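Take a look at the structure below. The paragraphs that follow walk through how its parts meet.

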Protein chains: 2
Amino acid sequence: MTQSVESQLADGRALLADDLVAVETILASFITGKRHCADNAEVSLLAEWMEQFLAGGKRFRPLMCCTGWRTAGGQGTIPEAVASVAASLELFHTFALIHDDVMDGSATRRGRPTVHRHIAGLHSDHRDPNQFGTSAAILVGDLAFGWSYDLLDACALHPAQSDTVRQLLVDMRTETITGQYLDLLSTGRPVQATATALRIARFKTAKYTVERPLQAGVVLAGGDETVLGVCSDYGVALGEAFQLRDELLGVFGSPDSTGKSTLDDLSDGKPTVLMAIAYQRASASQRGRLDTLIGDGALDERDAIEVRDILIATGAAAAVEEMITTRYQRALEAVDSAALQPIGMTLLRQLANDAIERLQ
Amino acid sequence: MTQSVESQLADGRALLADDLVAVETILASFITGKRHCADNAEVSLLAEWMEQFLAGGKRFRPLMCCTGWRTAGGQGTIPEAVASVAASLELFHTFALIHDDVMDGSATRRGRPTVHRHIAGLHSDHRDPNQFGTSAAILVGDLAFGWSYDLLDACALHPAQSDTVRQLLVDMRTETITGQYLDLLSTGRPVQATATALRIARFKTAKYTVERPLQAGVVLAGGDETVLGVCSDYGVALGEAFQLRDELLGVFGSPDSTGKSTLDDLSDGKPTVLMAIAYQRASASQRGRLDTLIGDGALDERDAIEVRDILIATGAAAAVEEMITTRYQRALEAVDSAALQPIGMTLLRQLANDAIERLQ
């Protein structure tokens, strides 16, 4: 007797919801344990800022890890070791985002002040509140980075799995740092080659957000090379689509739902695929306007409207929508290419759908 | 037949010199391996900056780790696992210093531009070279942080030792971050309580520079609780002395030999024990001058001379010298308190001597 897709999906979603509850429990008790263990007011304070930041996260990477585990055959209640790896990914992400916001000098994240801004606000009597906020945020990030490894060390993983998972996470870390460096290098003078912009998206987001977390889950379920390969193809395609959607939302989205300003990417001159295509297709006068406006720290909403018009008029926005669709299809083809667990296939398809259409 | 102290010392020094050669070899081949493995130009570049920075280090923490190992009975050629842990400490230190320099906005370190300044200099055509240099330096630090754990993971340590060493290094990391946070919090408004300044010194330097690296070496040689206890007492005492010497050198030293400006600590308003004592002993007019000068970003050599005069006139400099001597003696008493390996006792005594009297 085969289960209907709807019923599989309902079951899958319920299981993943339970998985994420397990992840949440581990995160909370791990951080409480760390605070207790350090037994000093300073670590407690840094941990408090970390937890406030963590509270706003979507847990996308833990979700991918748990999905990978179920895709490769994991059944029933999620084992603590798997939930711990998923929680460790969220701590790593916390580190990456806090440092990212420091590097970009971003003011808001998840609809609230970024960690460095929040701390600066609390220390307005400091000689240099901004410098203090930035420095303390770097430390909160460093602490989260270290704790993500401690949480991994505390997992009772099978030695063979442990080595493979660690190698995946090492690769993920290297890829994330590489992507971030490329991003820094190009910010302020947007790249004009789509290939370069896509390379940044791949390193900075695709591998880190989807491919590696998914693969970690697959390894933990004892999945074979075939499943790993499927998850890699799926992960890179979906991750790129995710990043491209993020680029569109970063300019055209609603700050109320994204939690981010729609001016930042433009005023920072972020090296997006969207902008690379716009440059390629722009007329001389449009290009001149982009040169003036993109990367202008004082860019305002009126300027942003002008840029949005150019992005639409050149067809860049539509081209990016098309790239998202192509990648969405590529992700689905990867899912169909091998005999995965039915529940896994259903979940991967649905997650692809959610990620592409997400409004926030 | 007992060996003379001189001959023991010569033997001990020769062994430690060999140990450090082994550490150097591991560091170089590990980083080369990492560059090769990542196989991308960005990681290669970040690693190059890391290596340039590493080249100027004194390897004090690896030295302490190797000394701990020999103190607890390690003999002959140092095992690769021990040298790897020592090398991992140096990578962790690289991370800590690079981030520290970013937080302090320091211009020079080890007689050369700090990493963020160096990178900013290479990218003078970037829209904001300073911001770029700072961000890229944060990434170099993050990479070194991650690699210090990877190097540890790659060590073939005995499981029981592995857990204990990891816990020591976790404690060390927490202590370092705590000390750094306390330092940030007090910088710009120097603490006026000696106890608070000493707490910062203990967290930021003593445990991190001496106690934990030494204990890691002891654990790797299978040393017992007695040796660990001796190394803790010795380490904290010597580490504090080391930090106090650093405070004096930071104001009275020669930049040629310290590699650092003698104005930075004063213009930053670093929360040193030296300054806490000066404040306590200052007359109303001296205190008024300190309030004006300390933490003044524009402080010049003439102002520094005036501060030095106050530090001498109040007796603060002499009091710190006395505190160094007390701690030096306490370190030696710890060494004498238990039956350690003769070569270990000789080395610990000599290292204490070197550290206290170091001119750089």
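How many residues does the contact take from chain A and from chain B? Each chain gives 51 residues to the contact. Keep in mind that this is a predicted model.

Start with how the two chains are related. The same surface serves both copies, and 100% of the contact residues of chain A recur in chain B.

Next comes area. The size of an interface is often given as the accessible area lost when the parts come together. Between chain A and chain B, about 4100 Å² is buried. Carbon and sulfur atoms give 62% of that area. In chain A, the residues that lose the most area to chain B are A:E42, A:R127 and A:Y181. Together they make up 17% of what that side buries.

The rule finds 6 salt bridges across the interface of chain A and chain B. A:R166 forms a salt bridge with B:D153. Their closest N and O atoms are 2.9 Å apart. Between the two chains, 22 residue pairs are in polar contact.

Which helices of chain A each supply at least two residues of the side that touches chain B? They are α1 (5–38), α2 (41–54), α4 (80–104), α6 (129–153), α7 (159–186), α8 (194–220) and α11 (264–268). The largest share, 13 residues, comes from α6(A). By class, this side of chain A has 22 nonpolar, 15 polar and 14 charged residues.

Conventions. Residues numbered from 1 in each chain as written. Chains lettered and ligands numbered in written order. Predicted model: local features only at pLDDT ≥ 70, side-chain atom pairs only at ≥ 80, totals over all residues. Heavy atoms only, no water. Contact = heavy atoms within 4.5 Å. Buried area = accessible area lost by both parts, 1.4 Å probe. Salt bridge = Lys/Arg side-chain N within 4 Å of Asp/Glu carboxyl O. Polar contact = N/O pair within 3.5 Å; in protein donor to acceptor, adjacent residues only side chain to side chain. Helix = DSSP H or I, 4+ residues; strand = E, 2+ residues; numbered from the N terminus. Nonpolar A, V, L, I, M, F, W, Y, C, P; charged D, E, K, R; others polar.
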